Each structure stands twice: as C-alpha cells, then as structure tokens.
Amino acid sequence: PHPCKGPGQIMPWMPKLLSSSRSRKHLNGAHQLKSRRRAATEESSQVIDDLLQSLSLAWERFSIPLWHQQLYAARYCTGNYRPEVLRKELRALTRGEATVQQVQRAIVQREEVLVSLTLLRTAYDDSEFWKPGHMARRHLFDQLYALRMATVNVVEALAAWRRLVAPCPGQHAAAAVAGPGARGACWPYAGVFSGEALDISDSSLAGKDYVIHLARDDTVVQTFEAVLELSG
C-alpha cells in the first residue's frame, strides 16, 4: 500500500529526514562561526604581538625607565585591552607626549632648577642677597618661584602617571621597585636628573619614592637660610 494516507498528509519518514537536514545545517553553521572566531582571535593576537614589539622598541628608543615598562606591560599587555590602547601609547611616545615622558621632563626641569639654585648660592655674598633690587636678590626669587612651579608640575605629572599604570584591584605588579602600595605605583628617586632611564636592579633604590623625597628634602633651599626667612 502507498505510505501516504491521503492528500496533503506527510509521509511518516519525512520528519526524520527534515530533522536530520536541520541538524547538519546547524552543525555546519556552528562550525563556521567557531572557525571565524578562532581566526579573529589569532589575528587579534598577532596584531597585539606586533604592537608589543613596536612598543618595546619605542621604550628603548626614547629611554623609558624599566619600572614604567614593567607596570605598563602588567596592566595593558595581558590581552584585557583592545589593540587601540597600545596604538595610542605608541603615537604619544612618538610625539613625545606620553605620560611617562611628561614625568621625565618635569623631573629633569625641577632638578635643573635645583642645580641653578646651588650655583646661585656660591655666586654671591650674603650681603648682596639682602640689598633691595640687587641682581642676586632678583635671581634668587626668580629661581625660588621656578622651583615652586616645577615642583607642582612634578606632582601633577606623577599623579597622572600613577593613574595610568597603577595595578588594577587584585592585580599584583611584577615590578619590585614600583610595585603595589598605598599609591599603587611609585617613581623611584635616583639623584639629580632621575628622569633619565636607569638600572633598577640596584637594590638601594627600592622604596625611595620621588614624591616622598621631594616633600622631605629641602637641602638646597636651606643653604639660603642666612638670607631668607624659612618656615619649619
């Protein structure tokens, strides 16, 4: 007998055939989607690897301190951020506008003012600093104002840098010198012109935060104690 019982009725073997066809289409679609996702992931990974290599070369080219490299890599180079973040940092480095470069310049400028004050102290006698309108007095107050502004610039630049590279909550920074702490990250003090790159393998640098040094060390200003009224 014919398997069809009447007009318009579905043959009993048709549902199984249709179900099997739908399953194959679903599996094929899922496989293609998975393949596309895998290809996109591999492409993204390659892009990030290329950007990391370019970033490493830029750090070397522009003498970026190692502690910044370690903190930046720990936060931004683990695959949790889009490649555009790294591209933006590369562009800023090339233009000399990266946050870390702003810190370097601010520190160097402040250290240069301290050097100028040191030279000024030995260039004149105390009596010349006391004379109203004397060049020594004008130079002194100009340099003290420059030191004040340079100090503000350093503090602001370091605050921005800390916000940029401080480890995220629960993240442990690899950098021993600039590791996690109450402020998230610290810029180690290493003497005059410490904005330049240096080797942080020196254990004597550990724990010497430039901001703390800045707040506590007034040695140069104290040399003018005889010609200035200094508050304690």
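The model is predicted, so local features need pLDDT of at least 70 and side-chain atom pairs count only at pLDDT 80 or more, while totals for chains, interfaces and linings use all residues. Residues are numbered from 1 along each chain as its sequence is written, and side-chain values use heavy atoms, with hydrogens and water left out.

The protein chain has eight helices and zero strands. Helices here are DSSP runs (H or I, at least four residues) and strands are E runs of at least two, numbered from the N terminus. Along the sequence the pattern reads α-α-α-α-α-α-α-α. Of the 232 residues in the protein chain, 34% are buried; buried means under 20% relative accessible area, exposed means over 50%, and partly exposed is in between (1.4 Å probe, protein chains only). Among the contacts in the protein chain with a separation of 6 or more, 66% come from residues 24 or more positions apart, a contact being heavy atoms within 4.5 Å.

Helix H6 covers residues 135-165, 31 residues in total. From its first C-alpha to its last, H6 reaches 44 Å, close to the 45 Å expected at 1.5 Å a residue; the expected span is 1.5 Å times one less than the number of residues. The buried residues of H6 include Leu 140, Leu 147, Val 154, Leu 158, Trp 161 and Leu 164, and Arg 162 is also on that list. Their cover includes H2, helix H4 (99-123), helix H5 (126-130), helix H7 (210-216) and H8.

On to how the helices pack. Two packed helices are described by the angle between their axes and the distance between the axes. Axes here are lines fitted to C-alpha atoms, for helices over the stretch in contact, and angles run from 0 to 180 degrees between N-to-C directions. The axes of H2 and H6 come within 9 Å and cross at roughly 40°, so H2 and H6 are oblique to each other. Angles under 35 degrees count as roughly parallel, over 145 as roughly antiparallel, 65 to 115 as roughly perpendicular and the rest as oblique. On the H2 side the contact uses Trp 67, His 68, Leu 71, Tyr 72, Arg 75 and Tyr 76, which meet Trp 161, Arg 163, Leu 164 and Val 165 of H6. By class that makes seven nonpolar, one polar and two charged residues, where Ala, Val, Leu, Ile, Met, Phe, Trp, Tyr, Cys and Pro count as nonpolar, Asp, Glu, Lys and Arg as charged, and the others, Gly among them, as polar.

H2 (residues 66-76) also packs on helix H3 (residues 83-95), with axes that come within 11 Å and cross at roughly 155°. H2 and H3 are therefore roughly antiparallel to each other. His 68, Tyr 72 and Tyr 76 of H2 make this contact with Val 85, Leu 86 and Glu 89 of H3, a set of four nonpolar, one polar and one charged residue.

Aromatic rings come next. Rings of Phe, Tyr and Trp (its six-membered ring) pair if their centres lie within 6.5 Å; planes under 30 degrees apart count as stacked, over 60 as edge-to-face and the rest as tilted. By this rule there are seven aromatic pairs. In one of them, the rings of Trp 59 and Tyr 72 have centres 5.9 Å apart and planes at 80°, so the pair is edge-to-face. Trp 59 sits in helix H1 (residues 14-61) and Tyr 72 in helix H2, 13 residues apart. Trp 59 is buried at 6% relative accessibility, and Tyr 72 is buried at 1%. Trp 161 and Trp 187 form another edge-to-face pair, 5.2 Å centre to centre with 75° between the planes. Trp 161 lies in helix H6 and Trp 187 in the loop between H6 and H7, so this pair ties together parts 26 residues apart in sequence. Relative accessibility is 0% for Trp 161 and 0% for Trp 187. Ring pairs also link Trp 59, Tyr 72 and Tyr 76 into a cluster.

Ser 63, in the loop between H1 and H2, has a positive phi of about 55° although it is not a glycine; Ser 63 is partly exposed at 36% relative accessibility. Tyr 189 is in the loop between H6 and H7 and is buried, with a relative accessible area of 19%. Leu 228 lies in the segment after helix H8 (219-222) and is buried at 15%. Leaving aside neighbours within four places in sequence, Leu 228 is in contact with Leu 140, Phe 141 and Leu 144.
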